[in-house]
Amino acid sequence: MDAAVAAERLAALMTERVDHRFKGLPPDADGRTLADLAAERRDLFTGGFTTPLLTLAAEHLTHNLHLMETYTARHGLAFAPHGKTTMAPQLFHRQIAHGAWGITLAVPHQVRVARHFGVQRVFLANELVDPAALRSIAADLAADPDYDFVCYVDSPHGVALMDAALTGAERPVDVVVELAAGEGARTGVRTEAECAAVADAVAATRTLRLVGVAGYEGEVPRADPDRVRAWLRRLTALAVDFDKAGRFADADRIVVSAGGSAWFDAVAEEFTRMPELSVPVLKLLRSGAYVTHDDGHYRGLTPFTRVPHEGALQPALRLWAQVVSRPSPEQAFVNAGKRDVGYDLGLPTALVVHRDGAKRAATGITVTALSDQHTWFRTTPEADLRVGDWLGLGLSHPCTTFDKWPLIPVAEPDGTVVELVRTFF
């Protein structure tokens, strides 16, 4: 796709008009375009925004983008961050502008979104056997010679289904064999012998081209540094063995890919140890949650805690809710709940109280439970909390919060809203 067309489509996002579809936006902004609303630079707390409201911190977004750009460059890694985290084309293009090779995705709908907004390199971390989706991708590959698409294969039967759907395609679809992270793990081929059988199945087709191997170390059973590194060594050894056997003879590059948000330091270390192969190797990292990080799950798992000299990610997501009930000195409720925030990997955390233009730490305030539209808090005597206060919550696991918000304001440290990010789930 022409870069100018992609830029036009991104710009068109900002011509969408504010209305009832978007939670938390100022009621008096109805009818304005998103560009108009951003240009007004409204204050988050006094500009008419209503709660609950998910926001992105502009400063922290920029920091995280720059940090992973420098980290991957320092370690000789290509980067295709997982787009399912945000499904925000504006953020996809910021990630690419900060050095990302492309965007990783999981299902055909996500690919369609990325392609509509001009993403030219897509890594689909899944086996794709849907005939309609495969035909659509084949047509896109035929129409755009610069489109680079790679997806998993993990069974001879899957290969046969793909081959049947792609009969007559002008360009072969590039595929990588997915090595499972171990017995009982998620998807992928369990043994190296079975990987060879899948590779043989690919070689027997004209519609597919084997270009590498991949997997996800986050699924290693009872993951710890030793187990994760042992699996990564299996993955890189598989690439070496396939290359020696001539299985990449038709490839102009060999893709070796792994790397979620919890073990990318181990990925960097083991990928660095790979020997040279017959053609250049694209060592592709796929971490996605880094762009916003969090105040819970990933704060505890991030590899930067193991390599602090490399830097530190900053949490960029915050959910603002308003205290609507203070039934006792030990209890409080705000007007946000399961409809507004992910809770699969931990409850939100009370971080800051905003009252009358002043902010202070949320001392003595603990989240205990979520209802559909309420968060339950236990409060101690030092908690100064009143009905009407705005409470800023730190979140755990950004992936299951983004999908609840089709539009997210981006705010500067002083609360000025400078941008609105559109999502497509």
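Two residues are in contact, or "touch", when heavy atoms of theirs lie within 4.5 Å. Keep that in mind for the close-ups below, which come from a predicted model.

View 1. Let us start with Phe264, a residue of helix 10. Leaving aside residues up to four places away in sequence, Phe264 touches Met68, Tyr71, Leu285, Ser287, Pro303 and Phe304. Is Phe264 buried or exposed? With a relative accessible area of 1%, Phe264 is buried, because buried means under 20%. Look for Gly218 too: it is 46 residues from Phe264 in sequence, while the C-alpha atoms of the two are 9.7 Å apart in space.

**View 2. Helix 10 is mostly covered.** Now take in the whole of helix 10, which spans residues 264-272. How many of its nine residues are buried? The count is seven.

**View 3. Helix 3 packs against helix 4.** Here helix 3 (residues 58-74) meets helix 4 (residues 89-97), with the two axes 9 Å apart and an angle of about 40° between them. That angle makes helix 3 oblique to helix 4. The crossing of the two helices is right-handed. On the side of helix 3, the contact is made by Leu61, Thr62, Leu65 and Glu69; on the side of helix 4, by Leu91, Arg94, Gln95 and Ala97. Sorted by class, this contact has four nonpolar, two polar and two charged residues.

**View 4. Thr423 is a buried residue with a polar side-chain contact.** To find Thr423, follow the chain into the segment after strand 18 (417-422). Thr423 counts as buried, because its relative accessibility is 4%. Which backbone oxygen does its side chain reach? The side chain of Thr423 reaches that of Trp405, at 2.7 Å. Setting aside residues up to four places away in sequence, Thr423 touches Thr86, Met87, Ala88, Phe402, Trp405, Pro406 and Ile408.

**View 5. Met87 and Asp356 both have a positive phi.** Phi of Met87 is near 45°, and phi of Asp356 is near 55°. Met87 lies in the loop between strand 2 (78-79) and helix 4, and you have already met Met87 as one of the residues that Thr423 touches. Asp356 is in the loop between strand 12 (349-355) and strand 13 (358-361). Which of these residues are buried, and which exposed? Met87 counts as buried, because its relative accessibility is 1%. Asp356, in contrast, is exposed, with a relative accessible area of 74%.

**View 6. A cis peptide bond leads from Thr51 to Pro52.** Most peptide bonds are trans. The bond from Thr51 to Pro52 is cis, with omega near 0°. Where is Pro52? Pro52 is in the loop between helix 2 (34-39) and strand 1 (53-57).

Methods
Residues numbered from 1 in each chain as written. Predicted model: local features only at pLDDT ≥ 70, side-chain atom pairs only at ≥ 80, totals over all residues. Heavy atoms only, no water. Axes fitted to C-alpha atoms, helices over the stretch in contact; angles between N-to-C directions. Helix = DSSP H or I, 4+ residues; strand = E, 2+ residues; numbered from the N terminus. Parallel < 35°, antiparallel > 145°, perpendicular 65-115°, else oblique. Left-handed = near helix turned anticlockwise from the far one by under 90°. Nonpolar A, V, L, I, M, F, W, Y, C, P; charged D, E, K, R; others polar. Buried < 20%, exposed > 50% of the residue type's maximum accessible area, 1.4 Å probe, protein only. Polar contact = N/O pair within 3.5 Å; in protein donor to acceptor, adjacent residues only side chain to side chain.
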